[in-house]
Amino acid sequence: MNSVGRYRKRLSLIDEMLAVSGAQSLSGDQSIALEQVADRCPVSTSLESEPIRVISHLSATGGTLFAKCIASMPNVVVLNEINPFSRMQVPIGKPPFTPTDIVALVRQGEASLASDQLIKSLFLDNLAVLRKECWLTGRVLVLRDHSHSQFLYRKLDENAPTLRDVVAERFPTLSVVTTRKPENTYASMEREGWNKHFSPSTFEEYCRRCVLFENSFKSSQKFTFEDMVTKPRAVMQLLCSALEIAYESSFEHNFSAHQFSGDSGRGGNTIVER
């Protein structure tokens, strides 16, 4: 973080620390602690240049593990499994209770109003508010893309924009992709019944969709699940660098504390090959 960014963050932290302690100035130890905290707030010096980070992957590829490890880094906020155009949450029959989901409520109240353009505007407007709040408080915002909704659910629209594309229409964006060997992934999907989400439900069709997914992210840096479980620290250092977030090695001990949707595969609190 450059000096201007650290200075802005220090002012906020000083106010908070003095308010809590009732003191008029900081001690030497407090000043050192403040310097260390400020260096872990990698926000940009202006809101206009602050990027939104996007991590994309298909289902059953270890995505929740990556998301939990990213969420364990200092001052990171992860929004888990996002796709503003997803129809997977729309059941047949009685609508679900979704009092905080404005898109679902619009679809329920007047489906003809819920055009892709309106949904995109609602999504980006909400994202702008959250991005600003994160920037003001020294946090970085990471979106975990629910790519399954786009690439592995029902009919595939090869021209549809990805989450990264949508976000990049309005905000600076950093993007990474994680992958896993398709034969292992498809076996996991068969076990969960997720291969029935597309037709034909064959390995060949799955591979075709995987190729389309990877072709949509040619410019994004890629990381593999196989590398992650054999050398997690090295992978997370590179991934954090690609997303411009602070790296902290203690993520290996903290990642399992995060509770996210998804998380269908591995359990436990260790990162090892299985």
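Modeller: Here's a walk through the backbone first, then the strand residue.

Keep in mind that this is a predicted model, where local features need pLDDT of at least 70, side-chain atom pairs count only at pLDDT 80 or more, and totals for chains, interfaces and linings use all residues. Numbering runs from 1 along each chain as its sequence is written, and side-chain values use heavy atoms, with hydrogens and water left out.

Most residues other than glycine have a negative phi, and most peptide bonds are trans. Against that, serine 199 and proline 200 are joined by a cis peptide bond, with omega at about 0 degrees. Proline 200 sits in the loop between α8 (182-192) and α9 (203-215); helices (H or I, at least four residues) and strands (E, at least two) are DSSP runs, numbered from the N terminus.

Alanine 60 isn't a glycine, yet has a positive phi of about 65 degrees. You'll find alanine 60 in the loop between β1 (52-56) and α3 (63-71). Glutamate 244 also has a positive phi, near 60 degrees, and lies in the loop between α11 (232-243) and α12 (251-254).

As for burial, alanine 60 counts as buried because its relative accessibility is 18%, while glutamate 244, at 47%, counts as partly exposed (buried is under 20% relative accessible area, exposed over 50%, partly exposed in between, with a 1.4 Å probe and protein chains only).

Now the strand: serine 175 belongs to β4 (residues 173-179) and is buried at 16% relative accessibility. Leaving aside residues up to four places away in sequence, serine 175 touches Val54, Arg164, Phe217, Ser220, Gln221 and Leu243, where contact means heavy atoms within 4.5 Å.
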